[in-house]
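Subject: Structure handover

Hi,

Here is the structure for you to open. My notes on what turned up follow below it.

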Amino acid sequence: MGEKSVFPTVYTTVPDADPLETKEWREALQAVIRAGGEERGRFLLQQLEDEARNLGIAGYGQPYSAYRNTIPLNKQGSYPGDLDLEERIIGIIRWNALAMVARANQAYGELGGHIASYASAAEIFEVGFNHFFRGDEAEQGADLVYFQPHSAPGIYARAFLEGRLSEELLANYRRETRGEGLASYPHPWLMSDFWQFPTGSMGLGPISAIYQARFMRYLEDRNLTATDRRHVWGTFGDGEMDEPESIGALTLAAREKLDNLTFIINCNLQRLDGPVRGNGQIIQELESLFTGAGWNVIKVLWGSDWDALFSRDASNALLRRFASTVDGKYQTLGAKDGAYNLKNFFNEDPELRALAAHMTDAEVDALKRGGHDMRKLHAAFAAARDHRGGPTVILAKTKKGYGMGGAGESRMTAHQTKKLDIDGLKIFRDRFRLPLSDDDLAHLRFYKPAEDSPELIYLRRRRSVLGGNLPVRRRKAEPLPVPPLSDYAQFALQADGKEMSTTMAAVRMLGGLLKDRVLGPRVVPIVADEARTFGMANLFRQVGIYSPVGQLYEPEDAGSMLYYREAKDGQILEEGITEAGAISSWVAAATSYSVHGLPMLPFYIYYSMFGFQRVGDLIWAAADQRARGFLFGATAGRTTLSGEGLQHQDGHSHMAAAGIPNCRAYDPAFACELAVIMDHGMRQMLEGQEDVFYYVTLMNENYAQPSLPEGVASDIIKGMYRFGSRKVPQSKAKVRLLGSGAILMEVIAAAELLAEDWQIESEIWSVTSFSELARDARDSERWNRLHPNDKPHRSHLETCLAGEAPVVAATDYIRAYPQLVATYLEGRYVTLGTDGFGRSDTRTALRGFFEVDRHHVVLAALQALVQEGTLPQKALATAIRRYGIDPDSPAPWTV
């Protein structure tokens, strides 16, 4: 009594000056509810709260409620399933999940794996699988489920009972190199028929689920496919909610009233190594967070065995005690037995001691947390599914390692527990009534009931009622035809020297694609609040910006030609200043072919610096999920975005892109190159249904654009083509100059200087992708190494640059990018790049500073020829003087 609450505004310690008056107020409220219903009661409470604020005697209440279940017992409803059978099935799945992990560690030397997370969430998953998660064959369509990644063993164990995974696969858990094992976490790339969504990098699941639910509304509102009866369920951990991506889009879900979305947060009160909030209450904190963001919050904290205690607790002693107990203590209580809980929880408070006086140690020990009570969970799931007007979060209180006893239940080390000793296994068996012998335990044998057993009949019948197995991933959809290149890009193919930027060209091609009768409606333009910067304002009027409520105001620029237009069937997704949100929308669209059976073509255009650097984890997840679409890194390079500086100028995104196996990355210099790349990519992804996506860097620098040379289209895709040459009569030497992106223009100018000032002949090569050249060269190298008796393969790079003539490569990226191909060249190879921090200045000044301008290209070529013995050493000093290069300036990567 009188203890200080963790959340002191919920429970007051001020003495009751007039208990009779208090009783009358309470009875009056009860009478109102009996006569007028709950809505009337809530209305009066709101009126009283408003009046209290007007009188200055009450501040705004905290956005969390008492530490008890949101759904009262009289609203719970009956459980529609066979509880005894479901509990037996859960026990079997728990065992197989445990055995899978323990066998992998025992047999193959600590392969890893996790037991405790699934142990805490088993009832959550089974309520979903048996009663809510709908499969592909459901009349309403399939639900989408984002699974807590560390619970993957439990999902595998269930699929084993369903007959979808073999015992051999379970026995080879985490042994994937030859294709006979199971992935550690949900990985669609590795298990392309099973997992739909990669959630293994914690925090990505929540934001992905939100934008997936929103994208489903987008598809519905644009009349592309029916999604209104499908639901998105996300199961996540309370520790995971510390990730910024987990909470970064909560207000979007509420703002757009996504009542097709439910989060179930497994609140086992523990991170990987200890309490989430040892000195606080994570459940109350999360309720405050979600309530403030506009979500409907349902707490499932206490199991059915607590109902009798609550009914007898007229003075709310339990709630006061719960409010004053921090999570660190809850964890300790969860790890101890009934005798400890009686002594250190109930008996520390006189009212609670009296409340539990009739209970034995065993009865106290049997008190469940709500997340392990299927009745309570079912009521919460049903309420979440039926809620209208916004998203719902279920906060389910559980024990990490539930059922693992002293080896892991609510222990600090629960997450690291990979095995149990024989005594622990016996306790586990007996607790869940498993028909296993001591020998079965010792050998960690998997258990599967007979095909005609009540357990398997029930399990399969429930999935049949709900529309089939889950998770299941669809690999392909109907191919989507791509219009002829000339229909939307003729201006680029026949540019004839017209000045434009590649960004301008990309947006113009996008506008052309949007007009195509078949492909146009499937195009999804996505921007993170920079549409006007990228010249996309003309699309506002053409296709509109998506808004689920249309446009409720007259825009300030309504009288202009390119006014800001929002519409319910708008096509552009303008996400605001959130790259994480924009890429999440892109992933939803880029995987629509699999998730919804509807191929879409998303184009996300953004400052290239804010792509792989800022949301690289989400891009990697997109690769895992086999995304198909275009990422346009605009204002790309370190010297083309003049005036911005260090945090905006990108010199390394192509290195990140090069590390993703199914990312095809290009840095085109010209609009015609861009057109060829876009056409090839669309055909590869939409017609060929290949699981690749494209990263293309675009510049905002205007310069003369050539028409597409004859016969170079295939070489553009391979990564380089011969743009031209600068012949010199009676030349002293010959070099090969490679350039990409905007720096190709400096390379072309350098060829002129080499010819005019030094009588040196040049070949000029436009390199559209050093990463594609390196990929092809690696493939050839590997094939030749493994097939020594066959005719050697020759890569495109080696074919183009055969011989020992010196090669100079200059790009707007760090030197490591062109150096991707260094080991595959015969001749001397010199690279120039923009290593170092970006800074603000003119393009000319920046290129001089980073030593990638025409003069430094010339100097690098001369140095290569000097080292070859073709030119005398003094040529370098002459060039330095002629071009005004400061030989004593610090290297750009040092300042």
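Start at one strand pairing: Ile605 has Phe632 in S12 as its bridge partner. Please keep in mind that this is a predicted model.

**Around S11**

Strand S11 covers residues 601–607. S11 pairs with strand S12 (residues 630–634) through 5 bridges, and the two run parallel. Strand S7 (residues 523–527) also joins S11 by 5 bridges, again in parallel. In that pairing, Pro525 sits opposite Phe603 of S11.

Is S11 enclosed or open? Of its 7 residues, 7 are buried, so the strand is largely enclosed by the rest of the structure.

**The whole chain**

The protein chain has 34 helices and 20 strands. Its C-alpha trace spans about 110 × 70 × 55 Å along the principal axes. The radius of gyration is 32 Å; a compact globule of 895 residues would come near 29 Å, and the two agree. Buried residues make up 58% of the 895. Look also at contacts with a separation of 6 or more: 78% of them join residues 24 or more positions apart.

**A five-stranded sheet**

Next, go to the open sheet of 5 strands. Its order is S16-S18-S17-S19-S20, and the pairing is mixed. Which strands stand at the edges? They are S16 (720–726) and S20 (829–832). Each has a single partner strand, so one side of each lacks a neighbour in the sheet. From one strand to the next, the twist averages 20°.

Within this sheet, S17 (residues 733–739) and S18 run parallel, joined by 7 bridges. Leu737 is placed opposite Ile764 in S18.

Two helices to look at here are H29 and H33. H29 packs on the sheet and touches S16, S17, S18 and strand S19 (807–810). The direction of H29 makes about 175° with that of S18. H33 (residues 854–868) lies across S17, S18, S19 and S20. H33 runs at about 135° to S17.

**Two helix pairs**

On the H23 side, the contact uses Glu579, Ala580, Ile583, Ser584, Trp586 and Val587. On the H25 side, it uses Arg614, Val615, Leu618, Ile619 and Ala622. By class, that is 8 nonpolar, 1 polar and 2 charged residues.

The other pair is H12 (residues 327–335) with H13 (residues 338–346). Here the axes come within 8 Å and cross at roughly 150°. Angles over 145 degrees count as roughly antiparallel, and H12 and H13 are therefore roughly antiparallel to each other. H12 brings Lys329, Thr332 and Leu333 to the contact. H13 brings Tyr340, Asn341, Asn344 and Phe345. The classes are 3 nonpolar, 3 polar and 1 charged.

**Backbone points to check**

Most residues other than glycine have a negative phi, and most peptide bonds are trans.

- Pro471 lies in the loop between helix H19 (454–465) and helix H20 (485–493).
- Gln689: phi is near 55°, a positive value in a residue other than glycine. Gln689 is in the loop between helix H27 (671–687) and strand S14 (693–697).
- Gln759: phi is positive here too, at about 55°, although the residue is not a glycine. Gln759 sits in the loop between helix H29 (743–758) and strand S18 (760–767).

Are these two glutamines buried or exposed? Gln689 is buried, at a relative accessible area of 11%. Gln759 is partly exposed, at 30%. The cut-off for buried is under 20%.

Note where Gln759 falls: its loop links H29 to S18, and H29 packs on the five-stranded sheet and touches S18.

Best wishes

Conventions
Residues are numbered from 1 along each chain as its sequence is written. This is a predicted model: local features need pLDDT of at least 70, side-chain atom pairs count only at pLDDT 80 or more; totals for chains, interfaces and linings use all residues. Side-chain values use heavy atoms; hydrogens and water are left out. Axes are lines fitted to C-alpha atoms, for helices over the stretch in contact, and angles run from 0 to 180 degrees between N-to-C directions. Helices (H or I, at least four residues) and strands (E, at least two) are DSSP runs, numbered from the N terminus. Angles under 35 degrees count as roughly parallel, over 145 as roughly antiparallel, 65 to 115 as roughly perpendicular and the rest as oblique. Contact means heavy atoms within 4.5 Å. Ala, Val, Leu, Ile, Met, Phe, Trp, Tyr, Cys and Pro count as nonpolar, Asp, Glu, Lys and Arg as charged, and the others, Gly among them, as polar. Buried means under 20% relative accessible area, exposed over 50%, partly exposed in between (1.4 Å probe, protein chains only). Two strands pair if DSSP finds at least two bridges between them. The radius of gyration is taken over C-alpha atoms; the globule rule is 2.2 Å times the number of residues to the power 0.38.
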